[in-house]
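Trainee: I am new to this structure. Please take me closely through one part, the space inside, and then show me what surrounds it.

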Amino acid sequence: MINIDLLVKFLAPCLPFLMKVGDKAAEGASLKLGESVWQKATAIWNKLKPKVKATPKAVGAAQELSNSPDDRDALETLQKQLKKLLDEDKALATEIAALMEEDSELIS
């Protein structure tokens, strides 16, 4: 079972970089967030991104949260959207749960 709240809180500070992935963004992210956190966030986001990109509300919430990491409405919307996506795709939910288990001290 995935703790969606924890997942989104972990990803939120990474979203400004994840939404603009490129060499410069990755370099800035690893410096600001730490290499381990950045690698974990990237691994999780790479699994989630195709589903998020296919859901306009999820994309909008992720973009909004990347622009304003403290936006509670965007945080709640992304939590709801990710919950729906992961409830619909149990295999993806299992993969994300496994990634969250590895080095779980980075996420908590």
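Mentor: Start with the largest cavity, which holds about 30 Å³ of space. The model is a predicted one. A search of the whole structure turns up one cavity of 30 Å³ or more.

Met 19, Trp 45, Lys 49, Val 52, Lys 53 and Val 59 line the largest cavity. Helix 4, residues 35-53, supplies the largest share of that lining, with four residues. By class, the lining holds four nonpolar residues, two charged ones and no polar ones.

Trp 45 leads on to a neighbour. Among the contacts of Leu 15 is Trp 45, and so are Ala 62, Leu 65, Ser 66 and Leu 78, leaving aside neighbours within four places in sequence. Leu 15 belongs to helix 2. Is Leu 15 buried or exposed? Leu 15 is buried, because its relative accessible area is 0%, and the cut-off for buried is under 20%. Thr 42 is 27 residues from Leu 15 along the chain, yet their C-alpha atoms are separated by 9.7 Å.

Stay with helix 4 for one more residue. Lys 47 lies in this helix. Lys 47 is partly exposed, with a relative accessible area of 37%. Set aside its neighbours within four places in sequence, and Lys 47 is in contact with Leu 92, Glu 95, Ile 96 and Leu 99. With Glu 95 there is also a polar contact: the two side chains are joined at 2.8 Å. Ala 93 is 46 residues from Lys 47 in sequence, and the C-alpha to C-alpha distance is 9.6 Å.

Ala 93 takes us to the largest pocket. This pocket has a volume of about 180 Å³. Its lining is made of Met 1, Ile 2, Ile 4, Lys 83, Leu 86, Asp 87, Lys 90, Ala 93, Thr 94 and Ala 97. Helix 6 and helix 7 are the elements that give two or more residues to this lining. Helix 7 gives the largest share, four residues. Sorted by class, the pocket lining has six nonpolar, three charged and one polar residue.

The buried residues of helix 1, which spans residues 4-11, are Ile 4, Leu 7, Val 8, Phe 10 and Leu 11. Seen down the helix axis, these buried residues fall within an arc of 160°, so they line one face of helix 1.

What lies over the buried residues of helix 1? The cover includes helix 2 (15-18), helix 4, helix 5 (56-67), helix 6 (72-88) and helix 7 (90-101). Gln 79 gives a close view of one such meeting. Gln 79 sits in helix 6. Not counting residues up to four places away in sequence, Gln 79 touches Ile 4, Asp 5 and Val 8. Gln 79 is itself buried, with a relative accessible area of 13%.

Finish at the start of helix 1. There, a side-chain oxygen of Asn 3 comes to within 3.1 Å of the backbone nitrogen of Asp 5. Asp 5 is one of the residues that Gln 79 touches.

Conventions. Residues are numbered from 1 along each chain as its sequence is written. This is a predicted model: local features need pLDDT of at least 70, side-chain atom pairs count only at pLDDT 80 or more; totals for chains, interfaces and linings use all residues. Side-chain values use heavy atoms; hydrogens and water are left out. On a 1 Å grid over the protein atoms alone, a cavity is a set of points where a 1.4 Å probe fits but cannot get out, and a pocket is an open set with protein on both sides within 12 Å along at least five of seven lines; lining residues have an atom within 4 Å of a point. Grid points are joined across faces, edges and corners, and a volume is the space filled by probe spheres set on the points. Ala, Val, Leu, Ile, Met, Phe, Trp, Tyr, Cys and Pro count as nonpolar, Asp, Glu, Lys and Arg as charged, and the others, Gly among them, as polar. Buried means under 20% relative accessible area, exposed over 50%, partly exposed in between (1.4 Å probe, protein chains only). The arc is that of the directions from the helix axis to the C-beta atoms. Contact means heavy atoms within 4.5 Å. A polar contact is a pair of N or O atoms within 3.5 Å; within protein, one must be able to donate a hydrogen and the other to accept it, and residues adjacent in sequence count only if both atoms are side-chain atoms.
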